[in-house]
Amino acid sequence: MALLYSKSHEWVNMIDDTTATVGLTDYAQSELGELVFVNLPEEGDDVEAGTPFADVESVKAVSDVYSPVTGTVAEINEELLDAPGNINEEPYEAWMIRVENISDKEELMNEAAYKEYVSTLSEE
């Protein structure tokens, strides 16, 4: 699985040229703390790169989740609605949405670039 990463800490797994799954990175879930609620879009909703598509609630705060791609929500991970803690336990297995008809992507980083980006954040 060759993941790509956004600066807002979402990962993208490109299944093919126009379909991908999207989730929260390990960095994001560790910064948020224990997740207690996930609000996902509906299947068929459009998502736009750089804009919120969902929100997650932790014991600390409610945070928006930004779409790294533009397309249509083909499927949501309904398991997360009952078990949002799956994101904390397995952030790279607990995808949030599957997007198809992808027409645009944010500037995404490979794993090495993302790790470097995150390391600059912890220095601030």
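Predicted model: local features only at pLDDT ≥ 70, side-chain atom pairs only at ≥ 80, totals over all residues.
Trainee: Thanks! So where does Y117 fall, buried, exposed or partly exposed?

Mentor: Y117 has a relative accessibility of 21%, so it counts as partly exposed. Y114, in contrast, is buried, with a relative accessible area of 5%.

Trainee: Where do Y114 and Y117 lie?

Mentor: Both are in helix α4, which covers residues 111-123. They are 3 residues apart, about one turn of the helix.

Trainee: And how are the rings of Y114 and Y117 arranged?

Mentor: Their centres are 6.5 Å apart and their planes are at 40°, so the pair is tilted.

Trainee: Switching topic, how many aromatic pairs does the structure hold?

Mentor: There are 4 aromatic pairs. One of them joins W11 and Y92, with ring centres 6.4 Å apart and planes at 45°, so that pair is tilted.

Trainee: Which parts of the chain does the W11 and Y92 pair link?

Mentor: Distant ones: W11 is in strand β2 (residues 10-16), while Y92 is in the loop between α3 (86-89) and β9 (97-105). The two are 81 residues apart.

Trainee: Last one: which residues do the ring pairs link into a cluster?

Mentor: Y5, W11, Y92, Y114 and Y117 are linked into a cluster by ring pairs.

Definitions and conventions. Residues numbered from 1 in each chain as written. Heavy atoms only, no water. Phe/Tyr/Trp six-rings, centres within 6.5 Å; stacked < 30°, edge-to-face > 60°. Helix = DSSP H or I, 4+ residues; strand = E, 2+ residues; numbered from the N terminus. Buried < 20%, exposed > 50% of the residue type's maximum accessible area, 1.4 Å probe, protein only.
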